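Q: I would like to learn how to read some features of a protein model, taking the terms one at a time. Could we begin with how the elements are assigned?

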Amino acid sequence: MIDPPRKRSEHRTFPGEKEITRFEMMRMFDGDEAWVRTLEETIFCTCNAPVKRLIAYKVFVNDLNDLVMRGLCSACNTIAARYVETGEDPEKVKRIKAVLRERKKSATRT
Ligand SMILES: [Zn+2]
(Lines give C-alpha, C1' and ligand atoms only; values in the text may rest on other atoms or scores of the structure.)
Protein backbone atom coordinates (compact mmCIF):
# COMPACT_ATOMS: atom_id res chain seq x y z
CA MET A 1 0.00 0.00 0.00
CA ILE A 2 1.16 3.48 -0.79
CA ASP A 3 0.36 6.27 1.58
CA PRO A 4 -1.48 9.15 -0.02
CA PRO A 5 1.01 11.91 -0.69
CA ARG A 6 1.02 14.22 2.23
CA LYS A 7 2.56 17.56 1.88
CA ARG A 8 5.39 18.40 4.20
CA SER A 9 5.07 21.64 6.03
CA GLU A 10 8.73 22.48 5.72
CA HIS A 11 11.22 22.27 2.94
CA ARG A 12 14.04 19.83 3.05
CA THR A 13 17.43 20.79 1.74
CA PHE A 14 19.99 18.29 0.59
CA PRO A 15 23.71 18.02 1.21
CA GLY A 16 25.78 19.81 -1.39
CA GLU A 17 23.19 22.48 -2.02
CA LYS A 18 24.32 26.05 -1.75
CA GLU A 19 21.93 28.84 -1.13
CA ILE A 20 22.23 31.81 -3.44
CA THR A 21 20.38 35.09 -3.56
CA ARG A 22 17.73 36.02 -6.07
CA PHE A 23 20.14 38.62 -7.37
CA GLU A 24 22.69 35.92 -8.08
CA MET A 25 20.03 33.84 -9.77
CA MET A 26 19.23 36.83 -11.97
CA ARG A 27 22.87 36.90 -13.01
CA MET A 28 22.65 33.27 -14.04
CA PHE A 29 19.76 34.11 -16.31
CA ASP A 30 21.57 37.12 -17.66
CA GLY A 31 19.20 39.53 -15.94
CA ASP A 32 16.19 38.09 -17.73
CA GLU A 33 13.50 39.23 -15.30
CA ALA A 34 10.68 37.92 -17.52
CA TRP A 35 12.13 34.44 -17.55
CA VAL A 36 12.57 34.39 -13.78
CA ARG A 37 8.97 35.50 -13.44
CA THR A 38 7.91 32.64 -15.69
CA LEU A 39 9.76 30.25 -13.42
CA GLU A 40 8.02 31.73 -10.39
CA GLU A 41 4.65 31.22 -12.04
CA THR A 42 5.14 27.66 -13.22
CA ILE A 43 5.52 25.98 -9.88
CA PHE A 44 4.45 22.56 -8.85
CA CYS A 45 1.78 22.61 -6.17
CA THR A 46 -0.95 20.14 -5.39
CA CYS A 47 -3.62 22.82 -5.04
CA ASN A 48 -5.99 23.48 -7.92
CA ALA A 49 -5.65 27.23 -8.04
CA PRO A 50 -5.35 28.30 -11.68
CA VAL A 51 -3.06 31.18 -10.86
CA LYS A 52 -0.22 30.76 -8.46
CA ARG A 53 3.32 31.83 -8.03
CA LEU A 54 6.23 31.05 -5.83
CA ILE A 55 6.62 33.57 -3.02
CA ALA A 56 9.07 34.06 -0.19
CA TYR A 57 11.44 31.62 -1.76
CA LYS A 58 15.09 30.75 -1.47
CA VAL A 59 17.27 29.60 -4.31
CA PHE A 60 19.73 26.74 -4.10
CA VAL A 61 22.31 25.34 -6.49
CA ASN A 62 22.85 21.60 -6.26
CA ASP A 63 25.69 19.32 -7.29
CA LEU A 64 24.35 19.07 -10.83
CA ASN A 65 24.42 22.85 -11.23
CA ASP A 66 20.64 22.83 -11.31
CA LEU A 67 18.66 25.41 -9.41
CA VAL A 68 16.03 24.62 -6.84
CA MET A 69 13.66 27.38 -5.83
CA ARG A 70 11.85 26.66 -2.59
CA GLY A 71 9.15 28.81 -1.14
CA LEU A 72 5.43 29.09 -0.70
CA CYS A 73 2.55 28.79 -3.14
CA SER A 74 0.78 32.14 -3.29
CA ALA A 75 -2.60 30.46 -3.68
CA CYS A 76 -2.68 28.02 -0.79
CA ASN A 77 0.30 29.20 1.27
CA THR A 78 1.88 25.78 1.63
CA ILE A 79 5.36 24.90 0.47
CA ALA A 80 6.06 24.70 -3.22
CA ALA A 81 9.17 24.39 -5.32
CA ARG A 82 10.50 24.84 -8.81
CA TYR A 83 13.37 22.84 -10.20
CA VAL A 84 15.35 24.42 -13.03
CA GLU A 85 17.68 22.25 -15.06
CA THR A 86 20.35 24.86 -15.60
CA GLY A 87 23.00 22.13 -15.39
CA GLU A 88 22.14 21.10 -18.95
CA ASP A 89 23.06 24.48 -20.38
CA PRO A 90 26.84 24.96 -20.62
CA GLU A 91 26.43 28.72 -20.84
CA LYS A 92 24.47 28.84 -17.58
CA VAL A 93 26.83 26.43 -15.87
CA LYS A 94 29.62 28.85 -16.69
CA ARG A 95 27.75 31.67 -14.99
CA ILE A 96 26.79 29.51 -12.03
CA LYS A 97 30.40 28.54 -11.49
CA ALA A 98 31.46 32.17 -11.70
CA VAL A 99 28.90 33.14 -9.05
CA LEU A 100 29.93 30.30 -6.76
CA ARG A 101 33.60 31.11 -7.22
CA GLU A 102 32.99 34.68 -6.15
CA ARG A 103 31.06 33.48 -3.15
CA LYS A 104 33.92 31.31 -2.02
CA LYS A 105 36.28 34.23 -2.34
CA SER A 106 34.18 36.47 -0.14
CA ALA A 107 33.69 33.67 2.38
CA THR A 108 37.39 33.02 2.93
CA ARG A 109 37.71 35.69 5.57
CA THR A 110 36.57 33.29 8.26
ZN1 LIG B 1 -0.89 25.81 -3.88
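A: Helices (H or I, at least four residues) and strands (E, at least two) are DSSP runs, numbered from the N terminus. By that rule, glutamate 40 is placed in helix α2 (residues 33–41). This is a predicted model, in which local features need pLDDT of at least 70 and side-chain atom pairs count only at pLDDT 80 or more, whereas totals for chains, interfaces and linings use all residues. Residues are numbered from 1 along each chain as its sequence is written, and side-chain values use heavy atoms, with hydrogens and water left out.

Q: Is glutamate 40 buried or exposed?

A: Buried means under 20% relative accessible area, exposed over 50%, and partly exposed in between, with a 1.4 Å probe and protein chains only. Glutamate 40 counts as buried because its relative accessibility is 3%.

Q: With which residues is glutamate 40 in contact, leaving aside its neighbours within four places in sequence?

A: Contact means heavy atoms within 4.5 Å. On that basis glutamate 40 is in contact with Arg22, Lys52, Arg53, Leu54, Tyr57 and Met69, once its neighbours within four places in sequence are left aside.

Q: Where is aspartate 63 found, and is it buried or exposed?

A: Aspartate 63 is found in the loop between β2 and β3, and it is exposed because its relative accessible area is 60%. Leaving aside neighbours within four places in sequence, aspartate 63 is in contact with Pro15 and Gly16. Aspartate 63 and asparagine 48 lie 15 residues apart in sequence, and their C-alpha atoms are 32 Å apart in space.

Q: How does one check the length of helix α3?

A: The expected span of a helix is 1.5 Å times one less than its number of residues. Helix α3 (residues 90–107) has 18 residues and should therefore span 26 Å, which agrees with the 26 Å between its end C-alpha atoms.

Q: Which residues of α3 are buried, and what covers them?

A: An α-helix has 3.6 residues a turn, so residues three or four places apart point the same way. In α3 the buried residues are Val93, Ile96, Ala98, Val99 and Leu100, and their cover includes β1 (18–20), α1 (22–28), β2 (54–61) and β3 (67–73).

Q: What does a side-chain oxygen of aspartate 89 reach at the start of α3?

A: A polar contact is a pair of N or O atoms within 3.5 Å; within protein, one must be able to donate a hydrogen and the other to accept it, and residues adjacent in sequence count only if both atoms are side-chain atoms. Here the side-chain oxygen of aspartate 89 comes to within 3.0 Å of the backbone nitrogen of glutamate 91.
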